[in-house]
Amino acid sequence: MSKSQRPPLDVLVVGAGVVGAACAYYAARAGLAVAVVDRGPVAGGTTGAGEGNLLVSDKEPGPELDLALFSAGLWQELVPVLGPAVEYEPKGGLVVAATPARQDALRAFAQKQATAGVTAEEIPGERLRELEPHLAPGLAGGFLYPQDAQVQPALAAAHLLRVARRDGALLYTGETVRAVRTGTDGAVLGVETDRRRLDAPAVVNAAGTWGGELAALAGVHLPVLPRRGFVLVTEPLPRIVRRKVYAADYVADVASGSAALQISAVVEGTPGGPVLIGASRERVGFDRTLSVEVLHRLAAQAAALFPVLADVSVLRAYRGFRPYLPDHLPAIGADPRVPGLYHACGHEGAGIGLAPATGLLISRQLTGERPGLDLEPFRADRFPAGS
């Protein structure tokens with residue numbers, strides 16, 4: 001097997017999850033010679049353990065919401081290209097409140113979001129079951145977010161890479177990057193894996209929860225941490241849950257920096273029939289131990305929202321690790337500390353939704369175009385060493 005590849009590459013993307021796949025897709029579409037390398041299979045990390053959320057409903061006004069709205073439009077453009085296999089569903093999200101006080105908080109949150117371009121409709125408690133007939137009675141109300149959508153994340157990554165490869169991209173799976181090579185001037189020259197040398201003047205760090213390790217190979221600090229989460233998958237059912245439905249507490253859990261266990265019910269149906277039930281968050285390193293407590297609490301909260309689920313069988317549970325950065329914003333764009341190093345990681349649980357915008361912004365930087373979105377809040381050097 002050759003130690004280097006021909007023809008020469010313009011960019012090497014480390015990570016074959018949905019973010020890396022989007023980076024490869026947009027770079028190849030821009031005419032760049034691209035290769036993608038991953039330590040495992042396509043979508044073998046966070047992407048394969050995700051629910052496929054494309055959400056604006058859980059984000060307050062600011063850089064991440066701007067990125068999510070940009071990305072929502074790009075997903076709509078991608079659907080005709082990728083095809084129906086990615087199971088894109090613009091089904092909307094419904095956030096529900098158990099008490100009038102929670103409803104007041106949701107209303108204030110939605111009013112702030114409206115200034116940033118988010119559409120939300122207040123739903124009084126007596127109308128909730130018009131939208132979701134199987135919801136529990138007695139809820140105070142909720143807000144309907146028509147811009148929320150859903151994809152099957154592993155299939156989305158696979159089909160982004162399929163199109164990128166059609167445009168000439170190379171794919172190397174099952175290869176771990178052992179070194180990021182730099183020249184005497186400190187600029188990137190490429191990487192070495194445990195199987196080959198890959199030469200490229202640009203390396204994109206889309207390594208997800210391993211993004212901090214890859215950054216360290218390039219000699220820079222990026223404090224990416226794994227945040228574990230579980231998802232339950234029920235037996236196939238008729239479409240008893242029409243939208244993505246979650247309790248108001250989920251918004252606070254997403255924004256929290258706590259390392260402790262947090263659980264807030266997120267329930268949604270799928271085209272194949274199973275209902276997906278999340279979401280939990282806790283920082284326990286890469287501990288993959290199955291937590292029966294978490295599974296029980298997820299099931300109980302889902303049944304409280306949808307009593308019809310109380311007698312439904314759970315076929316399986318899966319878990320994964322969200323790539324977490326301390327300020328809840330991803331690292332996107334060129335690293336000023338190492339010429340030729342770009343970051344596209346740290347999206348936590350929003351990576352599926354934010355992938356197209358991230359990939360397009362990286363591609364524009366690589367080709368010298370104006371990004372079209374302020375990347376200053378996403379700079380990788382915003383964290384002091386040792387943080």
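Two strands count as paired if DSSP finds at least two bridges between them, and the strands themselves (E, at least two residues) and helices (H or I, at least four) are DSSP runs numbered from the N terminus. Everything below comes from a predicted model, where local features need pLDDT of at least 70, side-chain atom pairs count only at pLDDT 80 or more, and totals for chains, interfaces and linings use all residues. Residues are numbered from 1 along each chain as its sequence is written, and side-chain values use heavy atoms, with hydrogens and water left out.

**View B. The hairpin of strand 18 and strand 19.**
Now for the other end of the sheet order. Strand 18 (residues 331–334) and strand 19 (residues 341–345) are antiparallel and share four bridges. Look for Ile 332 facing Ala 344 of strand 19. Six residues sit between the two strands, and Gly 340 in the turn has a positive phi of about 95°.

**View C. The three-stranded sheet, 9-10-11.**
The twist from one strand to the next averages 20°. Strand 9 and strand 10 (residues 188–193) share five bridges, and Val 180 has Val 191 of strand 10 as its bridge partner. Ala 179, also in strand 9, has its C-alpha atom 5.2 Å from that of Glu 192, 13 residues away along the chain. At 24% relative accessibility, Ala 179 is partly exposed (buried means under 20% relative accessible area, exposed over 50%, partly exposed in between, with a 1.4 Å probe and protein chains only).

**View D. Thr 176, in the loop between strand 8 (170–173) and strand 9 (177–182).**
Thr 176 counts as buried because its relative accessibility is 18%. Leaving out residues up to four places away in sequence, Thr 176 touches Arg 39, Glu 192, Thr 193 and Asp 194 (contact means heavy atoms within 4.5 Å).

**View E. Lys 91, in the loop between helix 2 (63–82) and strand 4 (93–97).**
This lysine is buried too, at 13% relative accessibility. The side chains of Lys 91 and Glu 268 make a polar contact of 3.4 Å (a pair of N or O atoms within 3.5 Å; within protein, one must be able to donate a hydrogen and the other to accept it, and residues adjacent in sequence count only if both atoms are side-chain atoms). Beyond its neighbours within four places in sequence, Lys 91 is in contact with several residues, including Asp 148, Arg 239, Arg 242 and Gly 269.

Technical notes: Axes fitted to C-alpha atoms, helices over the stretch in contact; angles between N-to-C directions.
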